[in-house]
Amino acid sequence: MAFYADKDYTIDETVLQAAQKVMEGHLGLHWYEAKTERIAGRPSDPKRGLTYQDLNIGSYGYTSIPEDVRTSQSMVSRGSEKVGKLPDMGYVVNRKSDVWSDNVAELYEEVKARRWVPATDIPWTELHTNPLPPELEMACAQLYTFLQECQIVSMDFPSKWVAVINQDFLEQKSWMCAQMLDASRLFEVFRKRALFGGAGLGRASATAEQGLKEWLWADQFPLGSVSINLTLAGFLLTLYRQVAAFAPTNVDRRIMRYAMQDAARQTAYGLGQLRYHLQHRPLQANAIEGYLDLTEHVLLGLIGSPELLEPMIIICGGGLEKAQVDKGRIATAKFIRLVVREYMERIAAAGLAGHAKRSKIPAMIDRISASA
Amino acid sequence: MAYLSTTDFAQDKDFIDKWLYTIRTGEMDLSWMKSATEKISPEEANPRRGLTYRDLNLGTYGYTDIPEKVRNNRSYAPRGAEIPEGVPDAQPWVSRKSELWAFNTESYYEEAVSRQWNATTDIPWDRLDGVELPEVTGKALSQLMTFLTEVEMIATDTPAMWLPRLNPDFIEVRAFIAAQAMDEARHAEVFRKRALTTGWGLMQASPINEMALKHLRDADSFSEMSVALHLVAEGNVLTLFRFSEYLSPTDVDKKIFRLVMQDEARHVGYGMQHFKYVLEHFPEKREVLHAHLDEAENISFAGAAATELTEAFIILAGGGLKKENIEQGIKVTTQFNLKQMQEHFERLDKCGMPERRQRSKLYLMYEMGRAAAENAGIKLN
């Protein structure tokens, strides 16, 4: 055990006597005049319910969280009165600009409102009534195997960080918990799709996994967030859109629609976080650029891994006949270019306008996609 | 950087050339089509329930066949996929099934996904318009909610921090933990929202409870964390929610407690099933878990000693601060405290640790408390 409570309450006479006194009817009521703000929050729009935005008031609000949170290290809920000896939870992320995004409270509200259930919201039996040709089904199984790997990493990122982020960033931490469930649900739907189609799973991708681990293991939250929340989620968003457009079945189209809505939310946070970070810490721009220079090669590893590229060509073309493959490789080349273009647009929108010129990636991608 | 990929793909000429060639010619390697993986034909067992993880519990993809010690996957590969050379080590801490498994985990997860509720819209907040609680009740309710926001904070962080430490082969447990983290975030949200609608705002933190609860986060193993969190802490909280629903001053509060109870019961259910599983499949762990419970039960003592909570509870239970209110409040609070302990030991019995009663200081306290309550004429059931 790394931590023991400061007292063994089973033998602490003072504590036991205090408890006994209360149970004899002698209430001390030390909490009764708590020095906290009195508010009665109400929904601003009853149709939308009571949102976190409605409670963004005074000392309870997220607007008033300072950039450097110095006086909260315990479990105390923001705005409560702190008394006595409170534990230090060892948070290592205590700067608002390291985690915050102006849209985070809204995104958290949205994620709850747009919940869906893979077990019942997908018309699974259609896969059996209208089976795909084997090569197309195998391509789907391979694609969904790849996507499961991406979702394991997407689930691990928020869970890896949430406990070390200061409790004062409640809305952001709640959002991270929602991200965990989103990733778990996407993993679930991809796995179910692959297995219910009958082809089983395909092959894991060493290329993709090496890159994903590099992103996941970033040693600072803002860096990892750029990689996982903006670059990976943005890439997946474009990928889901592409698969939806060429979906071989209604089931796949439906899955991709749900996946898009979740990935769009994650990307919105990733972009918002980077923007907030750069707005409040402009000197970080160099550090972020340096990090991107080092790590954005992973995007190449993901898009170019045969375990993704080849099934995408087959799915976009509709099969393995030459004409189908030609159609598929042209569509995939466009997709590759789109992934990188959208990535660069997002990075620019977040505040790194010159990055596309500095990065090696666009030129490489142009060369590859032009070869189609 | 804590990890660098073994390849810089922008510098890997072979990788880029192969990619270029594929796009230019359409010639593909297609070796993944020959993956040595199983072909299965799953069916929905019950179309109304849809396609569940249980329906996919087949062969190498299923959870039944996960070995006790997972030796062949430490990467991000999903269970049952072909794992090529060169995948990285995800560095999981927990690769032993009995350290985290629970009968029915997949159903707990499916239930969690299908019973997600929304603290923003599923609580009839508008019904609070015109509700003016007496000051004493309003403050007591706010104090209870303040305490619950602290509890839910640790209940969020603790399972979440274990998730990336679990071997990716334990898909269903990881999924359950992800759902639990979301449940707890929602609980923190609903209690905060309720406190901020009382007119009093949040009240005072509970140092004794916080100091005791920190113990949950720093367990040496997942099983120890689970017994402390899912069984002891959430078991206690489940009883607290049940009593709180009974004491709720408004229908809005009743609804809140009903919804959080359904989530909490699921967490306790997982905790019980896991505790049973670990005792049955990893018997050497029994003594370790006893030792951990010795410390975890300290949480229960701390809870009783945290007067800011006990007093608020007494006021809510008695309906005010007059002598007769306090007397009634103490009666109900005594019943609550004893019920909490009684249910704790009943759970341990059911999981296969009946000998806990002989060892536990908490049980001693329970017996003394029960005798005193009976002498005072307080009925316990």
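Two residues count as in contact here if their C-beta atoms, placed from the backbone, lie within 7 Å. Everything below comes from a predicted model.

**View 1. Where chain B meets chain A.** Here 119 residues of chain B are in contact with 126 residues of chain A. Sort chain B's side of the contact by class and you get 60 nonpolar, 32 polar and 27 charged residues.

**View 2. Helix α6 of chain A, from residue 134 to 162.** This helix has 29 residues and runs 43 Å from its first C-alpha to its last, close to the 42 Å expected. Of those 29 residues, 26 are buried, so α6(A) is largely enclosed by the rest of the structure.

**View 3. Inside the largest nonpolar core.** The core takes in 245 residues, and A:Cys177, A:Met180 and B:Ala178 have the most contacts inside it. Its largest share, 16 residues, comes from α6(A). Zoom in on A:Met180 and you'll find that it touches residues of chain A, including A:Met155 and A:Pro158, along with residues of chain B, including B:Ala160, B:Leu163 and B:Ala178.

**View 4. Helices α6 and α8 of chain B crossing.** α6 (residues 222-247) and α8 (residues 285-305) have axes that come within 9 Å and cross at roughly 35 degrees. The crossing is right-handed. On the α6(B) side, look for B:Ser223, B:Val227 and B:Asn236, among others; they're part of a contact that includes B:Leu289, B:His292 and B:Gly303 in α8(B). The contact's residues split into 9 nonpolar, 5 polar and 3 charged.

Key: Residues numbered from 1 in each chain as written. Chains lettered and ligands numbered in written order. Predicted model: local features only at pLDDT ≥ 70, side-chain atom pairs only at ≥ 80, totals over all residues. Helix = DSSP H or I, 4+ residues; strand = E, 2+ residues; numbered from the N terminus. Expected span 1.5 Å × (residues − 1). Buried ≥ 20, exposed ≤ 12 C-beta atoms within 10 Å, placed from the backbone. Core = buried A, V, L, I, M, F, W, Y, C linked by C-beta atoms within 7 Å. Axes fitted to C-alpha atoms, helices over the stretch in contact; angles between N-to-C directions. Left-handed = near helix turned anticlockwise from the far one by under 90°. Nonpolar A, V, L, I, M, F, W, Y, C, P; charged D, E, K, R; others polar. Lists of a residue's contacts leave out its neighbours within four places in sequence.
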